[in-house]
Amino acid sequence: MSLTQEQKDLIFNSIRDIKDFPKEGIIFKDITTLLNNKEAYQALMNHFEERYKSYNLDYIAGIDSRGFIFGAALADRLGIGFVPVRKKGKLPGTTVCEKYELEYGFDEVEIHLDAFPIKDARVLLIDDLIATGGTANAAAKLIKHVNANLVEVCFLLNLKFLSGDKKVAEHAPVYSVLEI
């Protein structure tokens, strides 16, 4: 279930830093270089599969948009359903939404009201990175709002210095592959 230091290094070193994106002073963690590195992506997905195969999950919920990449692939590997948590206005049908604060305002995420047709569904929430935790916290609230069981929240990267994981941990345990 654990990654070797060599595997962690492979994954970490496949993620590139983009300085001053999306604005000056930010160092953006670009996972596109992880995705096109077949050894790094396979090591990561094998790790996720090994970790979660015994969790008896019913669904994986992925946060818009990079959580879709890991979440859908993992759901396929585990033979379970995938549920997207989208930015407001992107889902058809009846949805519920949750507002969260950004450093420069507010945003909202939403999920279908009937996203988890299994009663008391066991759900893993996944995304690529947690920073301040606003989006993940809102997504966790939505999953609970539609009466699903949030088993764990998973991230590839945790920017520990921003403490977003503490906010999300109020809803479920948090697991991060790498911490910065």
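T32 is placed in helix α2, which spans residues 32-35; helices (H or I, at least four residues) and strands (E, at least two) are DSSP runs, numbered from the N terminus. The structure is a predicted model, in which local features need pLDDT of at least 70 and side-chain atom pairs count only at pLDDT 80 or more, while totals for chains, interfaces and linings use all residues. Residues are numbered from 1 along each chain as its sequence is written, and side-chain values use heavy atoms, with hydrogens and water left out.

T32 counts as partly exposed because its relative accessibility is 42%; buried means under 20% relative accessible area, exposed over 50%, and partly exposed in between (1.4 Å probe, protein chains only). For T33 and G62, 29 residues apart in sequence, the C-alpha to C-alpha distance is 20 Å. Beyond its neighbours within four places in sequence, T33 is in contact with S14, I15 and R16, contact being defined as heavy atoms within 4.5 Å. A polar atom of the T33 side chain lies 3.3 Å from the backbone oxygen of D30.

The largest pocket has a volume of about 1400 Å³. Pockets and cavities were located on a 1 Å grid over the protein atoms alone: a cavity is a set of points where a 1.4 Å probe fits but cannot get out, and a pocket is an open set with protein on both sides within 12 Å along at least five of seven lines; lining residues have an atom within 4 Å of a point. Grid points are joined across faces, edges and corners, and a volume is the space filled by probe spheres set on the points. The lining of the largest pocket consists of 40 residues, and R66, L129, A131, T132 and T135 lie nearest its centre. At least two lining residues come from each of β2 (27-30), β5 (95-102), β7 (122-130) and α5 (134-145). Helix α5 gives the most, with six residues. By residue class the lining comprises 19 nonpolar, seven polar and 14 charged residues, where Ala, Val, Leu, Ile, Met, Phe, Trp, Tyr, Cys and Pro count as nonpolar, Asp, Glu, Lys and Arg as charged, and the others, Gly among them, as polar.

The largest nonpolar core contains 28 residues, of which V85, I111, F116, V123, L125 and I143 touch the most other members. A nonpolar core is a set of buried Ala, Val, Leu, Ile, Met, Phe, Trp, Tyr and Cys residues joined through side-chain atoms within 4.5 Å. Two or more residues of this core are given by each of β3, β4 (81-87), β5, β6 (105-112), β7, α5 and β8 (149-158). Helix α5 again gives the most, with six residues. I143 touches A61, I111, F116, V123, L125, A148 and L150, residues up to four places away in sequence not being counted. Another core, of 26 residues, lies apart from the largest one and includes I31, L57, I60 and I126.

D64 occupies the loop between β3 (59-63) and α4 (66-78). D64 counts as buried because its relative accessibility is 15%. The side chains of D64 and R86 are joined by a polar contact of 3.0 Å. A polar contact is a pair of N or O atoms within 3.5 Å; within protein, one must be able to donate a hydrogen and the other to accept it, and residues adjacent in sequence count only if both atoms are side-chain atoms. With residues up to four places away in sequence set aside, D64 touches V85, R86 and K87.

Most residues other than glycine have a negative phi, and most peptide bonds are trans. The peptide bond from D64 to S65 is cis, with omega near 0 degrees, and S65 is in the loop between β3 and α4. The bond from F21 to P22 is also cis, with omega near 5 degrees. D20 is partly exposed because its relative accessible area is 46%. A positive phi, near 55 degrees, is likewise found at D120, in the loop between β6 and β7.

N149, in strand β8, is in contact with D120, A121, R122 and V123, leaving aside its neighbours within four places in sequence.
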